[in-house]
Amino acid sequence: VTTAFSVDQLARELESVLTRLDGGTPDPDALLSALAGLRSSVDELRVVEEELVRQHDELAEAHAQIDAERRRYEDLFALAPDAFLVTDLDAKILEANLGAEQLLGTPRRFLEGKPLATFVAPAWRRGFRTMLIDVRRHPDRIRTQHRFERRGGIAFDADVSISPIVDRGTDVVGLRWVVTDVTEQKQNEARLWELNAELERRVEERAVAFEAAHAELMRERAQFETVLRQLPVGILVVSPSGNVIVRNRRAEELLGGPVPDSAALAARLRDADGRTFVDGDWPLARALESSEVVSGEVLTLVRADSHRLLLEVSSAPITRDDLPAGAVFLFRDVTADRQRDFAQREFVVNAAHELRTPLASIVSAIEVLQGGAKNDPPTRDVFLGHIERESDRLVRLARALLLLARAQAHEEEPRLELVPIRPMLDELTEEINPAAGVAVQVACEDELAALTSAELLRQALSSLVGNAGRYTGHGSITLRAEARNGQSVAVEVVDTGPGLSPHDRELVTRRFVRGSQQSEGFGLGLAIAAEAARAAGGRLEIDSEEGRGTTARIVLQLARLVDV
Amino acid sequence: MNERVLVVDDEPALRDAVSYSLRSEGYEVTT
């Protein structure tokens, strides 16, 4: 603007000078003044010209910068790995970069002018066109996915970003596209899905297998627990530190009180000589500390209630993965076994004594006879009589021992049956051969019965009735039976014989109830009765008062006969 | 006079046997 103004001004001044010169003789002063004016204008013009040159240089520099920048973007456009495309609104390709060339498998010169839709997989073209319509209606950035096909029909999935090209504010004149092949990504995704599904399937399989194993384990555990509970053996399992972690019902019954750990149990036990154990010396501790297996040691347990039991104990270490994991302690109450063993030994001693006496009598009588008495008829008859009586005694003893052996054999499995009492008592009266003037009576309800073994009960009663008949010289013998407490039945043989002295009665009681060595002189009759009664499911009791008589009683399990 | 012996035993057979033997040896026996 400044330049234009200065040139106009110079032109006007030059015109006015020329006009003045054109009018005739120039006035030299006026001419000078005009030339001076021109000169000053030319000077001004030179300043303006310099300014113009400077501005031009600046513009050229700016242009060079823009050009460099444009080339940089052009390079970016051309060489970027993604496909860049510029299309018109119908997606006809106007420009394409190298990435597009590679992605679509088509040289750039064939791309330009071609509709992008021709590179969309046929099944996807309808969707592609719908999208184009949407874009024209609502020009906005869009990010979507389409399946394309490069030349040669190779399909690939691509991520597509579309942004509208806006000209002068509002008119949408074209579209820019960025197309990225996501096939590999898709494949990875698909692979990931597969792996995921595989993983889920495996987890499921494992879960099923685990549940089956768990169910199996629970079933085994239930079996194990049942066995453990039902076993007639006490079982304790202790941890490596000695705490009791498993105990069965029998263990609780036998121990009779809380036994929290190995040390508490050790304190209750005594060895075969009745001594307490020092640390680490008893079976469970040996199993725990030195992995020793102990089998069948007999120890005494002193319970909290001072009751003593003989226990046969076994113990063994438990290992898991070759490491100590505690120990198991098994124990069985052998008190009754041992008492029975003891009683049987005593019985044999007594039986031997009983046999020795008649044998000694017979041997003596034979010696006397051989020593000359055989030639003296009256003396000979006396000693032959002795031999006969003692032989009878031996025969009775032998039979009694046989019966007893049978009774004890039955003890293992007493076969109990419903036995009416009255008929048996009536039969037994036939066996009695009472002394003159001794009355024999039966007192029993007809329907009274017991759960017992008929044979054994009869043997026991027969023995008692035999004693009563032998020793009762006057009065009566009564066979009596009655129910007691609705639970048991007492069958009694009551005599009015000489009775037992308190001392004898004590001997009888000790001999057959607890086992005593001081029972010499007593016959085996009561022993047979006691054993047979026990084998028949009952027990023998003796009440006796010296000079007034004896009551022998067998107590059995009650039953009643009911008429149907 | 012969010496007297008292024989005591609860088994009659033994008592008789011992008594007989003692009498044979010349003792007077009481049972």
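## A helical salt bridge

At 35% relative accessibility, Glu225(A) is classed as partly exposed. The present model is a predicted one. Arg221(A) is likewise partly exposed, with a relative accessibility of 48%. Glu225(A) and Arg221(A) form a salt bridge in which the closest N and O atoms are 3.2 Å apart. Both residues belong to helix H6 (residues 183–230) of chain A, and because they are 4 residues apart there, about one helical turn separates them.

## Salt bridges between strands

Over all chains, the whole structure contains 34 salt bridges. Side chains of opposite charge can pair when their charged atoms come close. One such pair is Arg143(A) with Asp159(A), whose side chains meet at 2.6 Å, N to O. Arg143(A) is exposed, at a relative accessible area of 62%, whereas Asp159(A) is buried, at 15%.

A further salt bridge joins the side chains of Arg553(A) and Asp543(A), with an N to O distance of 2.6 Å. This pair links distant parts of the chain, 10 residues apart: Arg553(A) is in strand E18 (residues 549–560) of chain A and Asp543(A) is in strand E17 (residues 539–545) of chain A. Arg553(A) is buried, its relative accessible area being 7%, while Asp543(A) is partly exposed at 33% relative accessibility. Arg553(A) and Asp543(A) also belong to a network of salt bridges that links them with Arg480(A), Glu492(A), Arg539(A) and Glu541(A).

## Chain A as a whole

Chain A comprises 15 helices and 18 strands. Of its 564 residues, 34% count as buried. The accessible surface of chain A amounts to about 34,300 Å², and carbon and sulfur atoms account for 52% of this area.

Phe329(A) is located in strand E11 of chain A. With a relative accessibility of 1%, Phe329(A) falls under the 20% cut-off and therefore counts as buried. Leaving aside residues up to four places away in sequence, Phe329(A) touches Gly234(A), Ile235(A), Leu236(A), Leu265(A), Leu269(A), Trp282(A), Pro283(A), Leu284(A), Val313(A), Ser314(A) and Ser315(A). For one of these contacts, Val313(A), the C-alpha atom is separated from that of Phe329(A) by 7.2 Å, and the two residues are 16 residues apart along the chain.

## Positive phi angles in loops

Ser306(A) has a positive phi of about 70°. Ser306(A) occupies the loop between strand E9 (294–302) and strand E10 (308–320) of chain A, and is exposed, with a relative accessible area of 56%.

Asp322(A) also shows a positive phi, near 65°. Asp322(A) is placed in the loop between E10 and strand E11 (323–333) of chain A. The residue is exposed, and the relative accessible area of Asp322(A) is 75%.

## The interface of chains A and B

Chain A and chain B bury about 810 Å² between them, and 67% of this area lies on carbon and sulfur atoms. Glu11(B), Ala13(B) and Tyr20(B) supply 59% of the area that chain B buries against chain A, more than any other three residues. The contact takes 13 residues from chain A and 8 residues from chain B. Between the two chains the count of salt bridges is 0, while 2 residue pairs are in polar contact across the interface, both at pLDDT 80 or more. On the side of chain B that touches chain A, the residues divide into 5 nonpolar, 1 polar and 2 charged.

Thr357(A) is one residue with a contact to chain B. Apart from residues up to four places away in sequence, Thr357(A) touches Arg393(A) and Glu11(B). Thr357(A) lies in helix H10 (residues 335–370) of chain A and, at 16% relative accessibility, counts as buried.

Terms used. Residues numbered from 1 in each chain as written. Chains lettered and ligands numbered in written order. Heavy atoms only, no water. Contact = heavy atoms within 4.5 Å. Buried area = accessible area lost by both parts, 1.4 Å probe. Salt bridge = Lys/Arg side-chain N within 4 Å of Asp/Glu carboxyl O. Polar contact = N/O pair within 3.5 Å; in protein donor to acceptor, adjacent residues only side chain to side chain. Nonpolar A, V, L, I, M, F, W, Y, C, P; charged D, E, K, R; others polar. Helix = DSSP H or I, 4+ residues; strand = E, 2+ residues; numbered from the N terminus. Buried < 20%, exposed > 50% of the residue type's maximum accessible area, 1.4 Å probe, protein only. Areas by Shrake-Rupley, 256 points an atom, 1.4 Å probe, with all protein chains shown as cover.
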